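Okay, thanks everyone, I'll keep this short. Have a look at the sequence and the model while I talk.

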Amino acid sequence: MTAPVVIFAVGNPSRGDDAIGPECCARLEQWLANEGLAERFELIEDFQLQIEHALDLQGRQLALFIDAGARTPGPFTFRRIAPATGAACTTHELPPEAVLQVYVQTEGEVPPPAFVLCIRGEDFELGEPISALAEGNLQSAFELLARLCCQPSLATWEDASLAIAV
């Protein structure tokens, strides 16, 4: 059975604050297990998004992309996204919007509602740990993520995205 929500966590654990996505994924996996919610979510961790990730959207009710952003307003942004071929908003080449566009092109249908949680990072140097500032941003973002996972519905997530944007 396909989990209703797919969460993509993107980043390189050996590049300083680029490890935000994988670190968030690890914390979320443990939290979901502790809360008895793990079966409702599929977590996919990767260094960067690929066109093949469009296949992971099949049969989903919601999708979330988590990544670090070099110029993201702190501590994080959370917004709904739509299929597009535009420029990246994160530190990776293929933006989440492009994954949604690949889904439209390959499946011939509208993808599930999708959101981006982009957490501000400062230092992306190879071999560095997550910075103290990014750790604080990650903690703030994780509080929102936990609330979203307790109520994984389009209405709840849209309300959260609107509240963050204000």
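One term before we start: two strands count as paired if DSSP finds at least two bridges between them. And keep in mind that this is a predicted model.

So, with that in hand, take β4 and strand β5, residues 114-120: they run antiparallel and are joined by 6 bridges. Within that pairing, Phe76 sits opposite Ile119 in β5.

Now zoom out to the sheet. We've got 5 strands in an open sheet, ordered β2-β1-β3-β5-β4, and the pairing is mixed. Which strands stand at the edges? That's β2 (41-46) and β4 (76-81); each has a single partner strand, so one side of each has no neighbour in the sheet. From one strand to the next, the twist averages 20°.

Next, the helices on that sheet. α1 lies across β1, β2, β3 (62-69) and β5, and runs at about 155° to β2. Helix α2, residues 96-107, packs on the sheet too, touching β3, β4 and β5, with its direction at about 20° to that of β4.

α1 also meets a helix. The axes of α1 (residues 20-35) and α3 (residues 132-150) come within 11 Å and cross at roughly 40°, which makes α1 oblique to α3. That crossing is right-handed. On the α1 side the contact includes Trp31 and Leu32, and on the α3 side Phe142 and Leu145 are among the residues involved. The contact residues split into 12 nonpolar, 1 polar and 3 charged.

Last stop: Asn12, in the loop between β1 (5-10) and α1. Buried or exposed? At 17% relative accessibility, Asn12 counts as buried, because the cut-off for buried is under 20%. Leaving aside neighbours within four places in sequence, Asn12 contacts Asp18, Ala19, Pro22 and Phe47.

Technical notes: Residues are numbered from 1 along each chain as its sequence is written. This is a predicted model: local features need pLDDT of at least 70, side-chain atom pairs count only at pLDDT 80 or more; totals for chains, interfaces and linings use all residues. Side-chain values use heavy atoms; hydrogens and water are left out. Axes are lines fitted to C-alpha atoms, for helices over the stretch in contact, and angles run from 0 to 180 degrees between N-to-C directions. Helices (H or I, at least four residues) and strands (E, at least two) are DSSP runs, numbered from the N terminus. Angles under 35 degrees count as roughly parallel, over 145 as roughly antiparallel, 65 to 115 as roughly perpendicular and the rest as oblique. A crossing is left-handed if the near helix is turned anticlockwise from the far one by less than a right angle, and right-handed if clockwise. Contact means heavy atoms within 4.5 Å. Ala, Val, Leu, Ile, Met, Phe, Trp, Tyr, Cys and Pro count as nonpolar, Asp, Glu, Lys and Arg as charged, and the others, Gly among them, as polar. Buried means under 20% relative accessible area, exposed over 50%, partly exposed in between (1.4 Å probe, protein chains only).
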